[in-house]
There are 2 protein chains.
Amino acid sequence: MASPTVDIHTHIYPSSYIRLLSARSSTPYIYAPADPAECPRLIILPTDDSPSLPPSSRGRPIDGTYTSAAAKVAFMDQHGISASVLSLANPWLDWLDPSSGDPAAVARDINDDLNAVCALHPGRLWCFATLPLSARPESIVAEIRRVKGLPFVRGVIVGTSGVGDGLDDARMDPLWEALEQEGLPVFVHPHYGLPSEVFGPRREESGHVLPLSLGFPLETTIAFFRMYLAGVFSRFGGLKVLLAHAGGAVPFLAGRVQSCVRHERSSLPALARAGGERESVWNVLDKNVWLDGVVYSAAGLRAATEAVGKDKVLWGTDHPFFPPVDGKGEGEWESVRTNVDAVREAFRDDENGARGVLGMNAIRLLGLKLGPGEGGTLE
Amino acid sequence: MASPTVDIHTHIYPSSYIRLLSARSSTPYIYAPADPAECPRLIILPTDDSPSLPPSSRGRPIDGTYTSAAAKVAFMDQHGISASVLSLANPWLDWLDPSSGDPAAVARDINDDLNAVCALHPGRLWCFATLPLSARPESIVAEIRRVKGLPFVRGVIVGTSGVGDGLDDARMDPLWEALEQEGLPVFVHPHYGLPSEVFGPRREESGHVLPLSLGFPLETTIAFFRMYLAGVFSRFGGLKVLLAHAGGAVPFLAGRVQSCVRHERSSLPALARAGGERESVWNVLDKNVWLDGVVYSAAGLRAATEAVGKDKVLWGTDHPFFPPVDGKGEGEWESVRTNVDAVREAFRDDENGARGVLGMNAIRLLGLKLGPGEGGTLE
């Protein structure tokens, strides 16, 4: 029987964000090649912008799959996806200089724009809002309160730098408090990776593989465990975080972190700050953590399921990233298929569990009301 | 029914290594406090040796559990461990300056010493040899050939720096070739972790937790995938690597690495060097990789098992590290119990699988012949 399918991890750059980046000439920015037949290029990291690169190799081409609601819905139709929860892709607004404009006003435009994109396809599109993290704390909190009132916003997305010093920074507390109070889940997503030297002197021979496949998930892993060690989940017991890429490596390393905490011999100020005996990693995973299913293997998906519970893993695609290398993305995407197959294999004997991960868990977490006939066909 | 239990991940510093470090005064070295009632302290990282630390906080106390075969066997008896495969703990010999002595001679002494320690308890102790990685390549290869002839040596242990530039360095090829020819598995173990700044400005508030619980496994993860991308396992198809700490995060991230390789748009010189179509990550895991079971959770152990097969995961303790924080280590160690429980839970319905991980897989991989009566009692 068909069951609704929801894509929890899918990105879009709405027109206000495209305008913002197109008006800039240093990272992050959008570069328009002289030949109008060529796609504009998105350059989000300084390493993408090396003067040694020819213009056609800088960053990545940014076509309609990055910007258009119609392209998103066409992709969904093609893959049998009932509903998508859109988020602005990195680098969000962390980099906005508050001395050259009001980050809160920029965030309001983008979030209104995202909400309007969803309104074009009611019952199929929802979104995570973006926060003006370089604004004053009260402005960030005000935007959290405001987006709660936008009909299609169901949470927020943040990178790992927080208001500049990491998600374990006490200056994040007013944000966590507001998000907890408003019942808005926080989608934690990587952007910075790891310092490139950790990948060794031959890293460029494998292109983007090491920073993308390891730097990204390891950044998320470190960010989450820093939050845990700083006692964020003890202070904000109702906070709900959704970790990108199945938590990076959180499900696999949770046991080792728990063991190292139990065996730490030095006294830990952070422990005292958390107000006594430290809450276990497993308790926090159980209470505060949801994971997307973007992990590309049944082994990974099962570990994610065991770490947080099968009702708290939510399937996703990471669209429009990882399009087919050969062809124009008109057929089925291999990156999508791999993550569907992982669910099918991990839940071979548990059809209800598979339906949960493929859609029902997201519907329940975010209170989505799908349109009539959106039963989904993803098999 | 009792079945033999083997500890694949257990360290010792034999007397020749203790003498070597005790004669030094910069890292790595052993510091003897003025008060002879205090334990000597092992200082292996520059951060352990900060002038701001009082002498009693520098490094870690190094007592008989680090150095004595009798202490090792007592620990084994206490925990029902039939046999142990000893390895020198980090930092091995990578740091030896060849201009101030012959690293190959030092390695010979240490390996003979390790072999002699095992001979004290035949049928219970075996070992992984240490390589003189700062020696000339032909001296390293000669030591590989030589240790193959030592009766208790069953493989070698290496860190991630190789002969100075990583395990993906082509200068490692003669070593891989010799190890493959001699049928000696390579135990890959972390030491350097990640640059400390990746753990953020509040990292010291959680003591050693972040570098130990994340830095160590992430170092192993990066080192292994660098080897994979450099085509090491395509050139040396019979090479057997045993990855510490269940591969760091290799089992969880293998799917993402495979997907990123499949979706890489730039041309990869490494691919051409490997001689054509790149071998899949899953094929390499199946063919070349064994994992220890030092992962402290059933979720992690199951992922490890799925990644390489249940016949290729080998239980271990990491003794003498992670002793009980309260008390003197005379009772059962929690760190040991956690890893036994992980096997018991992951193999709840598969007693043969549990026996494999707890001992039989190591016996088969390394050709161990246990003494009479060493049936093991680990439950």
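**View 1. Polar contacts link chain B and chain A.** Between chain B and chain A there are 13 residue pairs in polar contact, both at pLDDT 80 or more. For a polar contact, two N or O atoms lie within 3.5 Å; within protein, one must be able to donate a hydrogen and the other to accept it, and residues adjacent in sequence count only if both atoms are side-chain atoms. One to look at is Arg302(B) with Glu306(A), at 2.2 Å from N to O.

A word on the model: it is predicted, with local features needing pLDDT of at least 70 and side-chain atom pairs pLDDT 80 or more, while totals for chains, interfaces and linings use all residues. Residues are numbered from 1 along each chain as its sequence is written, chains are lettered from A in the order in which they are written, and side-chain values use heavy atoms, leaving out hydrogens and water.

**View 2. Here's the whole interface.** Chain B and chain A each put 66 residues into the contact, meaning heavy atoms within 4.5 Å. About 6000 Å² is buried between the two chains, with carbon and sulfur atoms giving 64%; buried area is the accessible area (1.4 Å probe) that two parts lose on being put together, summed over both. Phe252(B), Arg256(B) and His263(B) supply 15% of what chain B buries against chain A, more than any other three residues.

**View 3. Asp7(A) sits in strand E1 of chain A.** The strand covers residues 6-11; strands (E, at least two residues) are DSSP runs, numbered from the N terminus. Asp7(A) is buried but has no salt bridge, and the nearest side chain of opposite charge, Lys72(A), is 6.1 Å away. Buried here is under 20% relative accessible area (1.4 Å probe, protein chains only), and for charge, Lys and Arg count as positive, Asp and Glu as negative, with His and the chain ends not counted. What the Asp7(A) side chain does reach is the backbone nitrogen of His9(A), at 3.1 Å.

View 4. Beyond four places in sequence, Val85(A) touches residues including Asp7(A), Trp126(A), Phe128(A) and Leu368(A). Arg256(A) is 171 residues from Val85(A) in sequence and 33 Å away in space, C-alpha to C-alpha.

Key. Helices (H or I, at least four residues) and strands (E, at least two) are DSSP runs, numbered from the N terminus. Buried means under 20% relative accessible area, exposed over 50%, partly exposed in between (1.4 Å probe, protein chains only). A salt bridge is a side-chain nitrogen of Lys or Arg within 4 Å of a carboxyl oxygen of Asp or Glu.
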